[in-house]
Amino acid sequence: MIGASREALAAGRQNLESLTDSTSVDAVKLAEELTAVTALLDREVSLRRVLTDPSRSGQDKAQLVTSLLSGQVSGETVDLVSGLVRSRWSGSRDLVDSVEELSSYAEVIAAEKAGVLDDVEDELFRFGRVVSGSHELRAALTEPKAGAVAKAGLITKLLGGRANAGTVRLVTSLVNTPRGRSLEQGLESYSKLAATRRSRVVALVTTAVPLSDSQKERLSGALGRLYGRQVHLNIDIDPEVVGGVRVQIGDEIIEGTVSSRLEGARQSLEG
């Protein structure tokens, strides 16, 4: 997403954060309603083109949203979507993508307000690892001919009683409406939203042996000083990892050409 669309999404995210600062706003309900709006815009091509038409005034587009959604969703959702269509967009698909992202972000905010965001992040990461390690499971969750009910049932069997409700909702939404994303891409996008919410970065740490809590704390602190932001660790175990530890943050892998930085992280582990 570039240019005007990126700015419009940023404004929408700020509006969502302002709305959910109020304890009276149900962030989970907001997420569910934004998911429904995403489905509507994804299905109605002509509607999203009208709502992103630069020749129409923002006021006219906002009034159209109000007439379509009032009585169907909460006033907060109407306000959010009206604010989005008042903005300029680089492409009509960007509007749909942004409403979908705000839906996921509302789930992230709900998890944070409930004090379980760390758990949700870890559950999503572990689920991704389980899926990547099972060709049969991945095929079952991504088979286009499989119905939404069957997929939701499989997710409930896998995660029900073992994961937070927000985790289940996010995974179910991704599996049933991938909208061109792979499972891996979708799960990564959720991780990034959680990091954005708390102004931190996510590090994928691959180690030869499990880390103790104190080692995790020291490594997170060392990486935080290195990047100038709080760092959340996703831990993966691989007995064959070179050097005993490998750290990846975004596209950067802390090894090889940046071995001195990895050594600093390793020394932190050793205390």
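Predicted model: local features only at pLDDT ≥ 70, side-chain atom pairs only at ≥ 80, totals over all residues.
Q: Thanks. And what percentage of the residues count as buried?
A: Of the 271 residues, 41% count as buried.

Q: What about the overall dimensions, say the box that the C-alpha atoms fill?
A: Along the principal axes, the C-alpha atoms fill a box of roughly 60 × 40 × 35 Å.

Q: Which secondary structure elements are we looking at, and how many?
A: There are 13 helices and four strands in the protein.

Q: Okay, contacts next. Counting those between residues at least 6 apart in sequence, what share joins residues at least 24 apart?
A: That share is 71%.

Q: Let's pick one. What does glutamate 100 pair with, for example?
A: One partner is arginine 179, with the closest N and O atoms 2.8 Å apart. Glutamate 100 sits in helix H6 (residues 92–113) and arginine 179 in the loop between helix H10 (165–176) and helix H11 (183–197), so this pair ties together parts that are 79 residues apart in sequence.

Q: Is glutamate 100 buried or exposed?
A: Glutamate 100 counts as buried, because its relative accessibility is 12% and the cut-off for buried is under 20%.

Q: You said "one partner". What about arginine 181?
A: Arginine 181 also forms a salt bridge with glutamate 100, and here the closest N and O atoms are 3.2 Å apart. Arginine 181 is in the loop between H10 and H11 while glutamate 100 is in helix H6, so the pair ties together parts that are 81 residues apart in sequence.

Q: Which residues are linked in that network of salt bridges?
A: The network links Asp42, Arg93, Asp97, Glu100, Arg179 and Arg181.

Q: Now arginine 138 and glutamate 184: what's the N to O distance there?
A: Their side chains meet in a salt bridge at 2.7 Å, N to O. This pair links distant parts of the chain, with arginine 138 in helix H8 (residues 135–142) and glutamate 184 in helix H11, 46 residues apart. Arginine 138 is partly exposed at 28% relative accessible area, and glutamate 184 is partly exposed at 37%.

Q: New topic, strand E1. Where does valine 201 sit, and what does it touch?
A: Valine 201 is in strand E1 (residues 200–207). Beyond its neighbours within four places in sequence, valine 201 is in contact with Ala195, Arg229, Gln230, Val231, His232 and Ile249. Valine 201 is buried, with a relative accessible area of 15%.

Q: How far is valine 201 from alanine 140 in space?
A: They are 31 Å apart, C-alpha to C-alpha, and 61 residues apart in sequence.

Q: Last one: what's the relative accessible area of threonine 207, and what is it in contact with?
A: Threonine 207, which is also in strand E1, has a relative accessible area of 1% and is buried. Leaving aside neighbours within four places in sequence, threonine 207 is in contact with Ile235, Asp236, Ile237, Asp238, Val241, Gly244 and Val245.

Definitions and conventions: Residues numbered from 1 in each chain as written. Heavy atoms only, no water. Helix = DSSP H or I, 4+ residues; strand = E, 2+ residues; numbered from the N terminus. Buried < 20%, exposed > 50% of the residue type's maximum accessible area, 1.4 Å probe, protein only. Contact = heavy atoms within 4.5 Å. Salt bridge = Lys/Arg side-chain N within 4 Å of Asp/Glu carboxyl O.
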